[in-house]
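This briefing sets out the domain arrangement, the ligand surroundings and a selection of individual residues. Please read it alongside the sequence and structure shown here.

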Amino acid sequence: MKAAVITHYQQATPTIKTVAMPTPQPTDVLVKIKAASINPIDLKTMAGGLKILLSYQMPLIIGSDFAGEVVSVGTDVTTFKVGDAVYGRPRKNRIGTFAEYLAVDATDIALKPRNLSFKEAAAMPLVGLTSYQALHDILQIKPGQHVLIQAGAGGIGTVAIQLAKRLGAIVATTTSPRNFDLVRKLGADRIIDYHTENFADALTDYDAVFDTLGGKDLEQAFSIVKPGGQVVSISGLPNARFAKAYGLPRWKRTLFRLATHRLNHLEKQTQVAYRFLFMWPSGTDLAELTRLIEQAQLRPIIDRSFNFDELNRALAYAKNGHARGKIILKIS
Ligand SMILES: NC(=O)c1ccc[n+]([C@@H]2O[C@H](COP(=O)([O-])OP(=O)(O)OC[C@H]3O[C@@H](n4cnc5c(N)ncnc54)[C@H](OP(=O)(O)O)[C@@H]3O)[C@@H](O)[C@H]2O)c1
């Protein structure tokens, strides 16, 4: 099969080449991939930027989510059958969706929403799961709560705004003026042009921040949240609490504790809880997203699509960091 492969970290671009077909386990399904989406994690993985959390053996097929059709099922799988249209985010040590076929654990996938094409469905798994887990599981947003979602026009932001509105939140978001209409249609109540206005000057007494930016923006987030509120980040630094829950060895936990001393201090000073989220694959959560999509409560936003042989153009476009929603790769 054809697959996009790197042989070492910091390889400038992946190479599309012919590789062996995957060997499914008894708990796997084998999927013929129709479409995948580009996620910033693909660029970070290629750069070796996540090595402290995840280290991969080379050569590595990249790609983190997909939509496709089941072509065979393992002997232990009872939940899917040949011909099912599915989508998913494979577990982190089994990525490789920029390929014609993927063997994936059956518990990491769900049936594709019937009202979406494969291309549209491929836009959802990673950003949908991340947003769902941040807003439902961690922040547990309640009706009437005020939440800031950073970078509302991005892959995460476009889904997170819709999910937060569905939960009854009052949503503020940051973006550029060219995206104001988009985020307003998705439900944003307060829109901040991050080029001309600092969200920390504009917002106060918020219940929660979903931070997708990290750095200074993450530190400033604590200043707009009420005591007892929460900041969850997917781009900031993992703290020692996360490192422990993630099962990292003691030396890495110490490293994260030292690196996050500013955040630990801000947590104490403001009485706002900080959580780092590293999303987890979940067919169950994805099935819930399927339900919301089929009930027209959630829809994917697609910026543009590329053919498989245009992968390097697609990655370069993603690297610019200004996509409006998702970038799709058509595989077959
Ligand atoms: N920890 C996890 O489990 C996890 C999971 C998923 C994603 N992530 C991380 O979350 C981040 C966001 O992911 P994504 O898929 O949403 O990325 P993305 O789609 O590439 O984000 C692009 C968007 O970011 C906006 N943006 C850039 N700088 C901004 C700023 N300073 N203020 C406001 N908006 C800004 C851009 O809007 P403009 O064009 O207006 O600049 C664009 O719409 C990435 O770092 C990714 O690695 C982490």
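In this predicted model, 15 residues of domain 1 are in contact with 20 residues of domain 2. Domain 1 comprises residues 2–124 + 300–330, and domain 2 comprises residues 127–276. The ligand lies between domain 1 and domain 2, because both give residues to the shell around the ligand.

**Domains**

- The centres of domain 1 and domain 2, taken over C-alpha atoms, are separated by 26 Å.

**Ligand surroundings**

- There are 25 residues around the ligand, and those that come nearest are Lys44, Ser176, Tyr194, His322 and Ala323.
- By class, the shell around the ligand holds 12 nonpolar, 11 polar and two charged residues.
- Tyr194 places a polar side-chain atom 2.4 Å from an oxygen atom of the ligand.
- Leu277 takes part through its backbone, where a polar atom is 2.8 Å from a nitrogen atom of the ligand.
- Ala323 likewise presents a polar backbone atom, at 2.7 Å from an oxygen atom of the ligand.
- The ligand taken alone exposes 930 Å², of which the protein buries 86%.
- Two or more residues of the shell come from each of helix 1 (40–47), helix 3 (125–138), helix 4 (155–166) and strand 10 (170–175).

- Gln11 is situated in the loop between strand 1 (2–6) and strand 2 (15–18).
- Gln11 counts as buried because its relative accessibility is 13%, below the cut-off of 20%.
- The side chain of Gln11 reaches the backbone oxygen of Thr13 at a distance of 3.0 Å.
- Not counting residues up to four places away in sequence, Gln11 touches Val5, Ile6 and Met46.
- Met21 occupies the loop between strand 2 and strand 3 (28–38).
- With a relative accessibility of 39%, Met21 counts as partly exposed, a class that falls between the limits of 20% and 50%.
- When residues up to four places away in sequence are not counted, Met21 touches Met1, Leu30 and Tyr101.
- Met21 and Leu315 are 294 residues apart along the chain, and their C-alpha atoms are separated by 24 Å.

**Thr212**

- Thr212 belongs to the loop between strand 12 (206–211) and helix 7 (215–221).
- A relative accessibility of 15% means that Thr212 counts as buried.
- A polar atom of the Thr212 side chain lies 3.0 Å from the backbone oxygen of Gln150.
- Gln150 is also among the residues in contact with Thr212, together with Ala151, Ile156, Ile234 and Ser235, leaving aside neighbours within four places in sequence.

**Lys165**

- Lys165 touches Ile170, Val171, Leu186, Gly187 and Asp189, not counting residues up to four places away in sequence.
- Between Lys165 and Leu289 there is a separation of 124 residues in sequence and of 15 Å in space, C-alpha to C-alpha.

Technical notes. Residues are numbered from 1 along each chain as its sequence is written. This is a predicted model: local features need pLDDT of at least 70, side-chain atom pairs count only at pLDDT 80 or more; totals for chains, interfaces and linings use all residues. Side-chain values use heavy atoms; hydrogens and water are left out. Helices (H or I, at least four residues) and strands (E, at least two) are DSSP runs, numbered from the N terminus. Buried means under 20% relative accessible area, exposed over 50%, partly exposed in between (1.4 Å probe, protein chains only). A polar contact is a pair of N or O atoms within 3.5 Å; within protein, one must be able to donate a hydrogen and the other to accept it, and residues adjacent in sequence count only if both atoms are side-chain atoms. Contact means heavy atoms within 4.5 Å. A residue is near a molecule or strand if one of its heavy atoms lies within 4 Å of it. Accessible areas come from the Shrake-Rupley method with a 1.4 Å probe; for residues, only the protein chains shown count as cover. Ala, Val, Leu, Ile, Met, Phe, Trp, Tyr, Cys and Pro count as nonpolar, Asp, Glu, Lys and Arg as charged, and the others, Gly among them, as polar. Domain bounds come from an automatic or database domain assignment.
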